[in-house]
Amino acid sequence: MSDIPQDISHDQYAVRLKKLQDLRAAGSDPFRANCTQSHFSGDAKALYVEGQDNLVTVSVAGRLVTFRVQGGSSFVKIQDQQGPIQLYFRRDVLGEERYGEFKKSLDLGDIIGATGTLFKTKTGEITVRVDAFTLVSKALRPLPEKWHGLTDAEQVYRQRYLDLIVNPESRARLMMRSRIVASIRHTLESRKFLEVETPVLEGVAGGAAARPFVTHHNALGTDFFLRIALELRLKRLLVGGYDRVFEIGRIFRNEGISRKHNPEFTMLEVYQAYSDFQGMMDLVKAIFSNLCRDVIGTFEIKHAASGQMINFAGDWRTVRYFDLIDEAVGSKLSALRGTEGYRPAVIEAATKLGCEARDDWQTFEIVNEIFGKKIEPALIQPTFVTHLPKELCPLAKLNQQDPGLIDVFELCIGGMEVAPAYSEQNDPFVQREMFEAQAGEEKQNIDHDFLLALEHAMPPAGGMGVGIDRLCILLTGAESIRDVILFPSMRHSENKG
RNA sequence: GGGACGAUAGCUCAAUGGUAGAGCAGCAUCCUUUUAAGUUGUUGGUUCCGGGUUCGAAUCCCGGUCGUCCCA
């Protein structure tokens with residue numbers, strides 16, 4: 001252990017180190033192996049019987065977050081998973097020596113355990129009157145300031161534990177994410193879906209159009225891709241006879257980082273045999289309905305960006321993709337689909353709306369630029385956008401009336417695409433064609449093993465993907481994806497000693 | 001990848017190119033029902049890093065690191 005200089009009063013680390021050494025010298029372990037926690041803070045407070053002070057004994061444990069000494073009595077607060085609880089220390093209860101130790105050896109940020117009885121203070125706060133306490137784990141570093149909390153964005157993300165200790169909104173928001181995922185699991189399990197786990201390391205990164213991360217397996221002497229979607233593995237399970245499956249898993253896309261993008265993010269994908277995209281509408285509404293009831297506690301939430309109230313109750317709007325395009329353009333543009341005049345008309349419409357229309361873009365890409373820039377951001381209320389052009393998703397079933405369209409929906413809420421779903425393509429010949437059209441020259445990117453699986457027959461099915469992070473942004477009112485990811489991706493920082 | 005902005009005490013923030021400050025935390029003091037507790041006193045700085053301009057740089061210039069936002 002390092003030497004301590006004479007005047008350490010300004011150095012909070014040194015002051016705490018000195019206290020720690022004094023504890024050790026007195027034969028007390030400042031980092032205990034265990035401590036009794038009979039109740040969480042909230043559960044303990046719930047045991048208090050009105051007007052019956054000092055009857056119920058509890059043992060609580062947590063981090064010391066406020067420390068108010070007033071001569072012979074002191075109020076402190078500790079914080080555990082359920083939040084804060086106040087403790088009351090008295091000299092006449094603990095005795096001169098122990099009370100002195102309480103004042104001398106403890107600091108804000110320490111983890112302590114305390115046993116005592118519940119009572120209500122004259123200001124009405126249920127509090128533990130402490131009979132015995134233990135320093136369980138000594139904090140050598142001071143906590144950030146309590147009133148302003150921690151605001152430095154970099155420190156919030158890099159040292160999330162500090163953010164969680166001192167910023168109650170962050171605690172609540174990130175805990176809500178856990179409850180959101182639990183609620184979704186519960187909805188799916190109650191509908192007899194099996195939760196499965198499929199490989200992160202893949203030979204072919206399929207199921208979406210995105211740049212993958214590449215890594216290397218030493219023993220096999222070969223490169224692997226980190227998955228960019230769950231789709232092709234889960235559909236193999238439909239072939240294998242798992243009729244209802246889902247996975248909530250991390251996927252990786254080697255693209256930019258922004259308010260709405262993290263290189264690794266969480267996707268729910270669900271597949272239900274003998275269903276279709278319309279069955280997925282019912283399912284996603286059930287998922288949202290349960291989320292509203294069990295997690296949010298209301299069927300109306302405020303959309304952070306626009307201030308509008310988003311209403312999840314009642315019927316959700318269903319509208320065809322090209323109806324929205326025609327509406328935005330202000331003419332019957334879609335009637336020209338398949339004619340020679342279509343592309344020039346699309347370019348003119350896009351230009352008029354101030355959207356990009358690059359020469360090297362295909363026509364459907366220009367149309368989708370209009371959708372992405374002018375239409376999607378305005379879809380605040382839950383909206384199923386259906387009948388998209390087939391080029392946008394090569395894994396969906398073609399529409400029977402119009403084979404240029406696919407049987408899909410994009411669920412848009414709060415101006416974001418929250419969940420795409422479709423009737424799954426199960427015709428191996430069509431699937432191969434779609435793959436080849438998409439791959440272009442890069443034929444090695446085709447997942448031939450998946451096509452082989454389709455040749456063994458896949459039942460008709462509805463499938464859906466839900467971006468969990470974006471869902472959490474929506475439901476928590478967060479401004480950035482980093483606010484709903486515990487440890488967002490950051491550039492490496494040098495480790496400081 | 002491009003642009004704008006930012007980095008000062010443990011934390012939150014000040015500081016015309018002219019002695020780097022405050023609040024909280026810390027240290028010392030008084031206080032047996034407090035709620036950002038209060039009281040009296042007080043310590044604490046590689047101003048992100050490296051260059052440059054200047055009599056003099058937290059401040060101006062150049063380069064870098066990290067972050068935030070916007071754009072692609």
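**Figure 1. Helix H8 and its buried residues in the predicted model.** Helix H8 covers residues 231–239, and its buried residues are Glu 231, Leu 232, Leu 234, Lys 235, Arg 236 and Leu 238. This view, like the others, comes from a predicted model. Several elements cover the buried residues of H8. Gly 241 follows H8. The phi of Gly 241 is positive, near 100 degrees.

**Figure 2. The protein surface around RNA strand B.** RNA strand B is surrounded by 43 residues. The closest are Arg 68, Lys 122, Thr 123, Lys 146 and Glu 154. Five elements each supply at least two residues of this surface: helix H1 (12–25), strand E1 (57–70), E2, strand E3 (83–90) and helix H5 (153–158). H5 gives the most, with 5 residues.

Figure 3. The side chain of Lys 19 places a polar atom 3.3 Å from a phosphate oxygen of RNA strand B. Arg 259 also faces a phosphate oxygen of RNA strand B, with a side-chain N or O atom at 3.0 Å. Glu 145 uses its backbone instead: a polar backbone atom of Glu 145 is 3.2 Å from a sugar or linking oxygen of RNA strand B.

**Figure 4. Ser 73 in strand E2.** Strand E2 spans residues 73–80 and contains Ser 73. Ser 73 has a relative accessibility of 14%, so it counts as buried. Leaving aside residues up to four places away in sequence, Ser 73 touches Tyr 88, Phe 89, Arg 90 and Tyr 99. Strand E2 is also one of the elements that supply at least two residues of the surface near RNA strand B.

**Figure 5. Lys 192, a loop residue with positive phi.** Lys 192 lies in the loop between helix H7 (168–190) and strand E6 (194–195). Its phi is near 70 degrees, a positive value in a residue other than glycine. Lys 192 has a relative accessible area of 70% and is therefore exposed.

**Figure 6. His 387, a buried loop residue with positive phi.** The loop between strand E15 (383–386) and strand E16 (408–413) holds His 387. His 387 is not a glycine, yet its phi is positive, at about 55 degrees. The relative accessibility of His 387 is 14%, so His 387 counts as buried.

Figure 7. Chain A has 15 helices and 18 strands. Its C-alpha atoms fill a box of roughly 95 × 55 × 50 Å along the principal axes. Chain A holds 497 residues, and 46% of them count as buried. Among contacts with a separation of 6 or more, 63% join residues 24 or more positions apart. The accessible surface comes to about 25,600 Å², and carbon and sulfur atoms make up 49% of it. Chain A carries 59 positive and 67 negative side chains. The centres of the two sets lie 7 Å apart.

Methods:
Residues are numbered from 1 along each chain as its sequence is written. Chains are lettered from A and ligands numbered from 1 in the order in which they are written. This is a predicted model: local features need pLDDT of at least 70, side-chain atom pairs count only at pLDDT 80 or more; totals for chains, interfaces and linings use all residues. Side-chain values use heavy atoms; hydrogens and water are left out. Helices (H or I, at least four residues) and strands (E, at least two) are DSSP runs, numbered from the N terminus. Buried means under 20% relative accessible area, exposed over 50%, partly exposed in between (1.4 Å probe, protein chains only). Contact means heavy atoms within 4.5 Å. Accessible areas come from the Shrake-Rupley method with a 1.4 Å probe; for residues, only the protein chains shown count as cover. Lys and Arg count as positive and Asp and Glu as negative; His and the chain ends are not counted. The place of a charge is taken as NZ of Lys, CZ of Arg, CG of Asp or CD of Glu. A residue is near a molecule or strand if one of its heavy atoms lies within 4 Å of it. A polar contact is a pair of N or O atoms within 3.5 Å; within protein, one must be able to donate a hydrogen and the other to accept it, and residues adjacent in sequence count only if both atoms are side-chain atoms.
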